[in-house]
Amino acid sequence: MTATGPRNAPDVVDVIALGESMVTFLPSRPGRLADVPSFDRAIGGAESNVACVLAAAGHSARWISRVGADGFGDHLVETIGAYGVDVTAVRRDPARPTGVYFRTAGDRATDAHEVAYYRAGSAASAMTAGNVDLTAARAGRVLHLTGITAALSRPCRGLLHELTAPRPGRPLVSFDVNHRPGLWPDGDDARVLLELARGADLVFVGADEAQEVWGRHGAEAVRRALPGPATLVVKQGGHGVTVFDDGRVTFVPAPRVDVVAAVGAGDAFAAGFLSATLRALPMKARLRHGHLWAAAALTVPGDLAVPPPAPHPATPRPATAPGGAAAPRPAWMAHADRLAALDDDAWGRLRLGPGWTQAAAATEEVPIP
């Protein structure tokens, strides 16, 4: 089934995120999947997470994907649209289902954690350069992609190669390596992820996953493997983040965070960094916003907070208000700006816990004399 793009190019938005989102079933209580009696429904998807967080922060965002012509597909489109994300380029596939997965309540980093994916043959796994609206995919200031999409199928892999290929006027291509070993049964992950990362303008990669997939230890070694991307962001867990940009190297330590749930931090970091990039903030501020947005995800139970009201599920949040003024930003964003502007000593004492995004001033987190 082939989808054709609109006759007129769609409006340019701040960020376009392309990839699979799935309906997630979260257990009603801790325990093995075999023992959990019921589950609560949510959504999960690295790319749509980034789009939702950015839209909730006042940026215009578009999510592009394929979902089944089923109730789960309806739920994804309606829920993501409720964040203010433009979902008009999402295609429905009557022959393939929407992907779903179940997970336990435990920390994903522990051996006790279980995840059961039902995504083989999903609508999103059938995405190709022929059935995705490429005009809509390129009509943004930033196009955000991840390695998860490349792992879904060879047609999806071809789509990402098309979107990361050099071409005049393409948007800034952001690529989060997001290595998921279980999705790469053919063992082709190292080569494919390296090719895609080298074709991007901005790359996010964890130091641990760079070691796992490419055998590169340390930020400098990762940069030697990826000399091409203009900006390379190497995340080093609780230690901090190193970025290579325009011949400069910048390191920003991570603040201390009282973690509620260790999920969604990587997507939130990417969203925070992209938001600050769109606002043309200095590099240190971009990294600090990445840390702060990651902390916002780590201090709530799920991947995403409750969405703010949106005018209509298919209506994107505007990049500018009528008359050219900047679109309204949530109050916690001004708070994040204050924290990002702290001096190095105060930043080093920063500790963030549940509810910090509702705080009125930095003094709740930083013991300033």
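**View 1. Packing of helix α5 against helix α6.** Helix α5 (residues 154-164) packs on helix α6 (residues 189-198) at an angle of about 25 degrees, and their axes are 9 Å apart. The axes are lines fitted to C-alpha atoms, for helices over the stretch in contact, with angles running from 0 to 180 degrees between N-to-C directions. This angle makes α5 roughly parallel to α6 (under 35 degrees counts as roughly parallel, over 145 as roughly antiparallel, 65 to 115 as roughly perpendicular and the rest as oblique). The crossing of α5 past α6 is left-handed, a term used if the near helix is turned anticlockwise from the far one by less than a right angle, with right-handed used if clockwise. From α5, R157, L160, H161 and T164 meet V192, E195 and L196 of α6; contact means heavy atoms within 4.5 Å. By class, the contact of α5 with α6 has 3 nonpolar, 2 polar and 2 charged residues. Ala, Val, Leu, Ile, Met, Phe, Trp, Tyr, Cys and Pro count as nonpolar, Asp, Glu, Lys and Arg as charged, and the others, Gly among them, as polar.

The model shown is predicted: local features need pLDDT of at least 70 and side-chain atom pairs count only at pLDDT 80 or more, while totals for chains, interfaces and linings use all residues. Residues are numbered from 1 along each chain as its sequence is written, and side-chain values use heavy atoms, with hydrogens and water left out.

**View 2. The protein chain as a whole.** The secondary structure comes to 12 helices and 16 strands; helices (H or I, at least four residues) and strands (E, at least two) are DSSP runs numbered from the N terminus. Of the 369 residues in the chain, 54% are buried. Buried means under 20% relative accessible area, exposed over 50%, and partly exposed in between (1.4 Å probe, protein chains only). Among contacts with a separation of 6 or more, 71% are between residues 24 or more positions apart.

**View 3. Residue A190 in helix α6.** A190 is found in helix α6 and is partly exposed, at 28% relative accessibility. Leaving aside neighbours within four places in sequence, A190 is in contact with V213 and W214. The C-alpha atoms of A190 and V213 are separated by 5.4 Å, although the two residues are 23 residues apart along the chain.

**View 4. Packing of helix α9 against helix α10.** The angle between α9 and α10 is about 145 degrees, and their axes are 7 Å apart. α9 passes α10 in a right-handed crossing. Residues of α9 in the contact include A265, F269, F273 and T277, and those of α10 include M283, L287, W293 and L298. The contact of α9 with α10 divides into 13 nonpolar, 6 polar and 1 charged residues.

View 5. D246 is found in the loop between β13 (240-245) and β14 (248-253). Its phi is near 55 degrees, a positive value in a residue other than glycine, and D246 is exposed, with a relative accessible area of 58%. A280 lies in the loop between α9 (265-278) and α10 (283-298). Phi of A280 is near 60 degrees, again positive in a residue other than glycine, and A280 is exposed at 60% relative accessibility.

**View 6. Cysteines C52 and C156.** C52 is buried, with a relative accessible area of 0%. C156 is buried, also with a relative accessible area of 0%. The structure holds 0 disulfides, a disulfide being a pair of cysteine sulfur atoms within 2.5 Å.
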